[in-house]
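Hi there,

Here is the structure I promised to pass along.

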Amino acid sequence: MAARSQYEELARQLSAIGAVKRGLARILPAECPAGSAAVLALLSRHGEMRISSLAELLDVDMSVTSRHVAHVAEHGWIERSPDPADKRSRILRLTPAGEDVLSDLNCRSTEMFAHHLQDWSDEEVGQLNTLLARLRDSFSCRGSGGCAPGRHSGDCRTRPADSDDGSYTRTPV
């Protein structure tokens with residue numbers, strides 16, 4: 001286990017990550033705020049899903065998720081169709097226009113990182129990616145089906161997003 005001072009420094013460094021997040025927010029087009037970008041990214045990564053599953057993945061209240069979904073639907077970036085299993089629910093699906101917007105967002109963020117990290121080696125960027133993924137995994141195991149701290153096996157991520165047992169792990173955007 002690391003020394004307490006290492007965890008204190010980690011807390012300071014993660015607090016400073018706000019500057020990186022603000023930089024990412026600045027490159028987003030005005031018509032696609034961060035919440036909308038997150039919806040598009042999650043639908044691209046996980047495929048079609050119900051809004052309840054999306055809210056779980058976003059780790060936000062259903063009312064917030066509904067506003068994000070309404071925004072991207074108004075722009076034609078997703079479509080909402082009846083769920084064949086439950087006609088009261090809707091299935092959200094990325095449209096070709098949404099894929100185009102997401103592609104543009106990915107290009108913008110890639111260019112931003114390439115610009116700001118141009119003096120980093122491929123190995124250093126790879127190490128950062130590996131460590132950030134490990135940090136995310138260490139925090140992702142919650143609920144009764146979660147892994148023990150420091151012993152993430154990945155099994156906690158195999159549950160479907162609309163699992164009713166409450167043990168599904170939210171995946172950070």
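**Salt bridges and a nonpolar patch**

Asp83 and Arg50 pair through their side chains in a salt bridge, with 2.7 Å from N to O. Asp83 belongs to strand 2 (residues 78-83) and Arg50 to strand 1 (residues 49-50), so this contact ties together parts that are 33 residues apart in sequence. Please keep in mind that this is a predicted model.

In total, the structure holds 7 salt bridges. Another one joins the side chains of Arg93 and Glu79, at 3.1 Å from N to O. Here Arg93 comes from strand 3 (residues 86-94) and Glu79 from strand 2, so the pair links parts 14 residues apart in sequence. Arg93 is partly exposed, with a relative accessible area of 25%, and Glu79 is also partly exposed, with 37%.

Asp86 and Arg88 form a salt bridge too, their closest N and O atoms being 3.0 Å apart. Asp86 counts as buried at 16% relative accessibility, whereas Arg88 is exposed at 75%. Through shared partners, salt bridges also join Glu48, Glu79 and Arg93 into one network.

Now for the nonpolar side of things. Met1, Tyr7, Leu10, Leu14, Ile17, Val20 and Phe113 make a nonpolar surface patch of about 690 Å². Helix 1 (residues 4-16) gives the largest share of that patch, 3 residues. Leu10 is placed in helix 1 and counts as partly exposed, at 36% relative accessibility.

Best wishes

Note on methods: Residues are numbered from 1 along each chain as its sequence is written. This is a predicted model: local features need pLDDT of at least 70, side-chain atom pairs count only at pLDDT 80 or more; totals for chains, interfaces and linings use all residues. Side-chain values use heavy atoms; hydrogens and water are left out. Patches are made of residues with over 30% relative accessible area and no salt bridge: like charges are joined within 9 Å, nonpolar side chains (Val, Leu, Ile, Met, Phe, Trp, Tyr) within 5 Å. Accessible areas come from the Shrake-Rupley method with a 1.4 Å probe; for residues, only the protein chains shown count as cover. A salt bridge is a side-chain nitrogen of Lys or Arg within 4 Å of a carboxyl oxygen of Asp or Glu. Helices (H or I, at least four residues) and strands (E, at least two) are DSSP runs, numbered from the N terminus. Buried means under 20% relative accessible area, exposed over 50%, partly exposed in between (1.4 Å probe, protein chains only).
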